[in-house]
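Colleague: I've got a few "how do you know that" questions about this one. Can you take me through them slowly?

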Amino acid sequence: MSEPNDPVDYIARTQKQYANLGYPPYRWIRNEGRPPFTPLKKPLSESRLGLVGSGGIYRSGQVAFHYRDDFSFRVIASDTPVSELRATHFAYDLGDARRDPNSVFPLEILRSLAAQGRIGELGPNAYAFMGGIYSARLVRDKLAPAIAERLVKDEVDAALLVPV
Amino acid sequence: MERRGVATVSLSCAWSITQSVSPPRAVFLDFPLGRTAGPPGDKALQGRILLDALNTLETMEEPGEIRALPHRWPNGDGWKERARHPPAKANEASIDDRVGRSPTPQYQIEEDRTAAQSRLAAGGCPDCVFLAEGA
């Protein structure tokens with residue numbers, strides 16, 4: 001039994017939901033051992049930062065995500081006004097993300113932290129995709145390396161990852 | 001990303017999933033799904049959350065650590081009860097039940113569809129990156 005203040009166990013919850021729907025159990029990614037780790041090479045206040053979010057954010061004028069195994073991503077210029085950010089996703093309640101995209105894609109907040117000198121600067125772009133991609137293989141072998149490649153090209157020192 | 005020299009920190013609102021994925025650095029926020037970076041409209045709190053998260057880039061030394069941040073969801077933890085009990089059938093209402101899986105783009109507003117289509121007609125969307133499934 002979970003205590004009221006415990007975090008919600010979404011793995012257990014989803015397995016129960018799948019069982020109720022008559023689906024076979026989902027095989028969650030389970031990474032054992034030490035994750036790859038790169039220390040930050042300079043202070044945060046001098047670092048260039050990237051943003052990667054899985055909340056289904058696109059910029060008005062871009063093609064939106066579709067709801068069947070979409071593992072594409074959108075390049076969103078770091079100076080994009082928050083009024084041009086949209087949210088679309090099949091698996092979470094979009095109300096708050098549409099009211100304030102910073103709730104899942106805090107580009108504007110990072111811009112203010114840069115203006116305050118708390119971080120060095122933002123890279124030229126942020127990156128957005130729509131999570132809930134069923135195939136962990138496609139994320140690991142295709143999507144993550146493609147975004148990593150962009151971050152390296154943008155010469156960022158660090159990236160903030162915002163799953164939903 | 002870390003293997004390519006980019007240090008990362010991940011926000012998380014789903015402890016068990018993050019534990020299973022085991023990212024290099026993570027901070028946990030006990031918020032309902034869909035609000036990972038903080039409650040809508042509260043720029044001050046969102047800023048504090050991001051600073052707390054980003055500071056771990058300097059302070060976390062043990063790969064795989066998940067640090068719980070002290071910020072609480074403003075309206076209490078009543079959302080958890082709804083989140084813990086998914087509907088028995090797919091067509092029953094729930095705060096985060098899934099919708100139908102359509103293979104066509106799902107625009108937030110109709111004007112976005114028109115804007116995207118005219119841009120596609122004028123030469124494409126270079127900032128939309130579609131990846132091939134094969135090797």
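Predicted model: local features only at pLDDT ≥ 70, side-chain atom pairs only at ≥ 80, totals over all residues.

Colleague: What makes Ser103(A) buried rather than exposed?

Modeller: Its relative accessible area is 0%. Buried means under 20%, so Ser103(A), at 0%, counts as buried.

Colleague: Which residues does Ser103(A) touch, leaving aside those up to four places away in sequence?

Modeller: Asp96(A) is one of them, and the list also includes Gly34(B), Arg35(B), Thr36(B) and Gln46(B). Gly38(B) is on that list too.

Colleague: How do you know that the side chain of Ser103(A) makes a polar contact with Gly38(B)?

Modeller: The side chain reaches the backbone oxygen of Gly38(B) at 2.8 Å. The cut-off for a polar contact is 3.5 Å, so 2.8 Å passes. Between chain B and chain A, 41 residue pairs are in polar contact, both residues being at pLDDT 80 or more.

Colleague: And why is the pair Asp93(A) and Arg35(B) called a salt bridge?

Modeller: Their closest N and O atoms are 2.7 Å apart.

Colleague: How big is the interface between chain B and chain A?

Modeller: They bury about 8,000 Å² between them, with 58% of it on carbon and sulfur atoms. Chain B gives 89 residues to the contact and chain A gives 91 residues.

Colleague: How do you know that β6 of chain A and β1(B) are paired?

Modeller: Strand β6 (residues 158-162) of chain A and β1(B) share four bridges, in the parallel sense. Pairing takes at least two bridges, so four is enough. In β1(B), Ala7(B) is the bridge partner of Ala158(A), and Val9(B) stands opposite Leu160(A).

Colleague: Which strands make up the sheet, and in what order?

Modeller: Eight strands form an open sheet with mixed pairing, running β3(B)-β2(B)-β1(B)-β6(A)-β1(A)-β5(A)-β3(A)-β4(B).

Colleague: What makes β3 and β4 of chain B edge strands?

Modeller: Each of them, β3 (65-68) and β4 of chain B, has a single partner strand, so one side of each is left without a neighbour in the sheet.

Key:
Residues numbered from 1 in each chain as written. Chains lettered and ligands numbered in written order. Heavy atoms only, no water. Buried < 20%, exposed > 50% of the residue type's maximum accessible area, 1.4 Å probe, protein only. Polar contact = N/O pair within 3.5 Å; in protein donor to acceptor, adjacent residues only side chain to side chain. Contact = heavy atoms within 4.5 Å. Buried area = accessible area lost by both parts, 1.4 Å probe. Salt bridge = Lys/Arg side-chain N within 4 Å of Asp/Glu carboxyl O. Helix = DSSP H or I, 4+ residues; strand = E, 2+ residues; numbered from the N terminus.
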